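Here's a quick briefing on a single protein chain, grouped by topic. Have a look at the sequence and the structure first.

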Amino acid sequence: MADGDAEQRTWADGKLRESAEQARASATQLAALQVRVDELKSAADRSAQRDEALATLEQRCTALEEQIKQVGAQVELALRAAAANSAGSGKPANPENKPAWMGLVEQLKSQSQSDRWQAVNALGETHDVAAAPYLVPMLQDKDLFVRMTAARSLGDLGSSIAVGPLIATLGDSASPVREAAYLALRTITKRDLPFDPQTEDTAERNKRIRAWEEWWKKENGA
């Protein structure tokens, strides 16, 4: 009988150890699964944030495109008025009266990022506010450095025509461009409304952008 009891205890102990090992293995698997679930939740949150940022950026781009159209219309009207005045005076338009920097305007259309950047930088260095309407569309250039330099150059020129487009550029996807736009706005408007170009909190950025937009509307009496 003693031998039989010993065998049963040995068998029971073995089963107990086996159950304990299985429990530990199950616990390890559950922990790994929980880590994976947490990772998936985090990825889902980041995806939602990116979607929100893209939607906001699309809205800003649409607004900026509308402002660019308005600027283009104003430039066209000014050119027509200048041509009419010239015709009324009986004097033919003199192409030599064009600013010396007009050749840079064509360079803005270059396929070369380097050429566009050089043209944007040079137009800013002219300190001629008449160059501002040509620089505004460059805030939407596909190259980060061109957009950044366009914002800085518009700040150097100090033309109020750039305020609306620069406010829209605060929503740019690149923080260096946002920072350049913010500095340009402060230079032109002499205002220092709070804005953090470096933050990745899109909700906070959008809140600050709206504050700039509302202020500018009041300034324009809109």
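Relative accessible area sorts residues into buried (under 20%), exposed (over 50%) and partly exposed (in between), using a 1.4 Å probe and protein chains only. By that rule Lys-109 counts as exposed, because its relative accessibility is 57%. Bear in mind that this is a predicted model: local features need pLDDT of at least 70, side-chain atom pairs count only at pLDDT 80 or more, and totals for chains, interfaces and linings use all residues. Residues are numbered from 1 along each chain as its sequence is written, and side-chain values use heavy atoms, with hydrogens and water left out.

**Confidence**
- pLDDT is the predictor's confidence in each residue, on a scale from 0 to 100; the protein averages 80, and 73% of the residues score at least 70.
- Residues 73-95 have a pLDDT below 50, and beyond near neighbours in sequence this stretch has five contacts in the model, where contact means heavy atoms within 4.5 Å.

**Around Lys-109**
- Lys-109 sits in the loop between α2 (102-107) and α3 (113-125); helices here are DSSP runs (H or I, at least four residues), numbered from the N terminus.
- Its C-alpha atom is separated by 9.5 Å from that of Ala-119, 10 residues apart along the chain.

**Aromatic pairs**
- Rings of Phe, Tyr and Trp (its six-membered ring) pair if their centres lie within 6.5 Å; planes under 30 degrees apart count as stacked, over 60 as edge-to-face and the rest as tilted.
- The count by this rule is five aromatic pairs.
- One of them is Trp-101 with Tyr-134, edge-to-face at 5.8 Å centre to centre and 65° between the planes.
- Trp-101 lies in the loop between α1 (2-88) and α2, and Tyr-134 in helix α4 (residues 132-135), so this pair ties together parts that are 33 residues apart in sequence.
- Trp-101 counts as buried at 9% relative accessibility, whereas Tyr-134, at 23%, counts as partly exposed.
- Tyr-182 and Trp-212 also pair edge-to-face, with 6.4 Å centre to centre and 85° between the planes.

**Around Thr-149**
- Thr-149 is in helix α5 (residues 144-157) and counts as buried, because its relative accessibility is 4%.
- Leaving aside neighbours within four places in sequence, Thr-149 is in contact with Trp-117, Val-120 and Asn-121.

How values were computed
Helices (H or I, at least four residues) and strands (E, at least two) are DSSP runs, numbered from the N terminus.
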